[in-house]
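Please look over the sequence and the model first.

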Amino acid sequence: MQLEIEVWLRGNDFATTDTVDLPIQPAHAWTDEDVRVLLAELLRSIDRAKHPDAAPDRPVALRGFSWIVMPYDGGGYTVAVEIQLGASAAGPFQVEQAGLEQMIARVVGTEREAAGPPTVH
């Protein structure tokens, strides 16, 4: 699936568009793995905008970011993520909002569990 990802870096008053090809199914058939790939690519798009010379497929940890699923004026829903460097969004996707939100929460929760308990020093 080809996606256009809108990217806003903190400190800039403009957005850029990052076009990527992802090995994911159409939104109505998404699995948790498809959602994981989408979230990782949304985060990578911010990194690529900030560090254009870095490897385009650097590893991504799905923790430490905010996300939201928002209705799109023309129908469907967009997915947006935000980290300290900036924010990115893609869509609209023709999918049921509550189901997509549940998948994102499950994928992010699974990643956090896999990282293990937090350590306090």
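Leaving aside neighbours within four places in sequence, Ile24 is in contact (heavy atoms within 4.5 Å) with Met1, Trp30, Asp34 and Val37. The model is predicted: local features need pLDDT of at least 70, side-chain atom pairs count only at pLDDT 80 or more, and totals for chains, interfaces and linings use all residues. Residues are numbered from 1 along each chain as its sequence is written, and side-chain values use heavy atoms, with hydrogens and water left out.

**Ile24**
- Ile24 sits in the loop between strand S2 (15–21) and helix H1 (32–50). Helices (H or I, at least four residues) and strands (E, at least two) are DSSP runs, numbered from the N terminus.
- Ile24 counts as buried because its relative accessibility is 9%. Buried means under 20% relative accessible area, exposed over 50%, and partly exposed in between (1.4 Å probe, protein chains only).
- Ile24 and Gly91 are 67 residues apart along the chain, and their C-alpha atoms are separated by 14 Å.

**Strand S5**
- S5 spans residues 86–93 and is mostly covered. Of its 8 residues, 6 are buried.

**Pairing of S5**
- Strand S1 (residues 2–9) pairs with S5 in the antiparallel sense, over 5 bridges. Two strands pair if DSSP finds at least two bridges between them.
- Ile5 stands opposite Ala90 in S5.
- Strand S4 (residues 77–83) also pairs with S5 in the antiparallel sense, over 6 bridges.
- Tyr77 has Phe93 in S5 as its bridge partner.
- S4 and S5 are joined by a hairpin through 2 residues.
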